[in-house]
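Have a look at the structure first, then read on.

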Amino acid sequence: MVAMRKRIMKLFTFLVLLAFITPFLMNLANQAGAALWGPRQFLLHLSEHVKRLMNFPLGSCGCRRCVSEPKLSPWFDARFNQTVRPLLTSQNMLVPEDTYRWWLNLQREKEPRSLNETLRELFATIPGDADPLLGKGAPACRRCAVVGNSGNLKESRYGSDIDSHDFVLRMNRAPTVGFEADVGSKTTHHFMYPESFTELAENVSMILVPFKTTDLQWVVSAITKGTIYFTYVPVPRKIKVSKEKILIYHPVFIKYVFDNWLQGHGRYPSTGILSVIFSLHVCDEVDLYGFGADSKGNWHHYWENNPSAGAFRKTGVHDGDFESNITASLASEDKIRIFKGR
């Protein structure tokens, strides 16, 4: 698929060049004195057509549309801040005091361990500079599918479309076995927190979304001694994830999503909207699948048999309606595409 896109891009480039060079050659042929032109006149004439080519509208990436392109949507520009980094690394561990206090209150953790000590231990255990979406070898046009868990994926037959993307981002439980025709089988990055952990394939990167200090401690424990097995519910003692495949969602970025995008709605953002805003910062094209209610207005997961499920929308923790409005606005501003399924 990547090779096919490269061939298409080469063909597109050739056709664009042909479209600009052909008029130049035809104009040259029609000039009565063309045969008398010297090299200098030839180059001057050619330069005018090159200038037109340089003015051909291109995005800031190698895609047809680039999600982070500025000055196309005032609504988007007022919320999007490219300087906020989505992943926590050993180089950007600083968390401002006000953000730290807000983050500590998300799940009202009692007697949290020092964040600085926790992060030092964390990055002594896992790499502190990993960022595969932006690393070497990434395609010039990073096409991402962000796959939610809505029941509207049932009988959608989106599987092959989802798998055609360069990166496929999933979240929480999100089973694929037995649902491949509708949700695809490919996963490159999986967002989760300790209480929503699910086993991953060896080639999948785990993006931990930490809502408390214990979540960061759990990562260290789960790949070493296995001493943490309970937070507010039981969590896995050990996980089979390579330390090179573990990435950490930055608490500062969680606060940025809450402030800039949700504007204080809900207690804190859901994993779904955190995944969407993450994708805006690391992808060039973003397609959403499995978000929102199904065609009957039911909010449930695609693997559930009970279409009236969806108690998660009534917890008061997340403002599902406002988050849904954000994704709808992103689509109306032509920043993302939403595939609504069945």
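## Around Asn172

Setting aside residues up to four places away in sequence, Asn172 touches Asn149, His190, Phe191, Met192, Tyr193, Ser196, Thr198 and Thr271, where a contact means heavy atoms within 4.5 Å. Before going further: this is a predicted model, so local features need pLDDT of at least 70 and side-chain atom pairs count only at pLDDT 80 or more, while totals for chains, interfaces and linings use all residues. Residues are numbered from 1 along each chain as its sequence is written, and side-chain values use heavy atoms, with hydrogens and water left out.

Asn172 itself is found in the loop between strand E3 (167–171) and helix H7 (180–183). Helices (H or I, at least four residues) and strands (E, at least two) are DSSP runs, numbered from the N terminus. Is Asn172 buried or exposed? It counts as buried, because its relative accessibility is 16%; buried means under 20% relative accessible area, exposed over 50%, and partly exposed in between (1.4 Å probe, protein chains only).

## The annotated site and His318

The UniProt record, an unreviewed entry, has a "binding site" annotation covering Gln107, Asn149, Asn172, Tyr232, Tyr268, Gly272, Gly292, His301 and His318. UniProt positions are given in the numbering used here, feature names are shortened, and annotations may be inferred rather than shown by experiment.

His318 lies in the loop between strand E7 (285–289) and helix H11 (320–332). With a relative accessible area of 25%, His318 is partly exposed. Apart from its neighbours within four places in sequence, His318 is in contact with Gly266, Tyr268, Pro269, Ser270 and Glu323.

## The disulfides

How many disulfides does a search of the whole structure find? It turns up 3, a disulfide being a pair of cysteine sulfur atoms within 2.5 Å. Here they are side by side:

| Pair | S to S distance |
|---|---|
| Cys61 and Cys66 | 2.2 Å |
| Cys63 and Cys141 | 1.9 Å |
| Cys144 and Cys283 | 2.0 Å |

Counting bonded cysteines along the chain, the pattern is 1-3, 2-4, 5-6.

Take Cys61 and Cys66: the torsion about their S-S bond is about -95°, so this disulfide is left-handed. Cys61 counts as buried at 18% relative accessibility, and Cys66 is buried at 10%.

For Cys63 and Cys141, the S-S torsion is about 110°, so that disulfide is right-handed. This pair links distant parts of the chain, 78 residues apart: Cys63 sits in the loop between helix H2 (39–54) and helix H3 (74–77), and Cys141 in the loop between H5 and strand E2 (143–147). Cys63 is buried, with a relative accessible area of 8%, and Cys141 is buried at 16%.

Cys144 and Cys283 make a left-handed disulfide, because the torsion about their S-S bond is about -90°. They also link distant parts of the chain, 139 residues apart, with Cys144 in strand E2 and Cys283 in the loop between helix H10 (271–282) and E7. Cys144 is buried at 0% relative accessible area, and Cys283 counts as buried at 3%.

## One more residue

Arg120 lies in helix H5 (residues 115–123) and is exposed, with a relative accessible area of 53%. Arg120 and Met93 are 27 residues apart in sequence and 9.1 Å apart in space, C-alpha to C-alpha.
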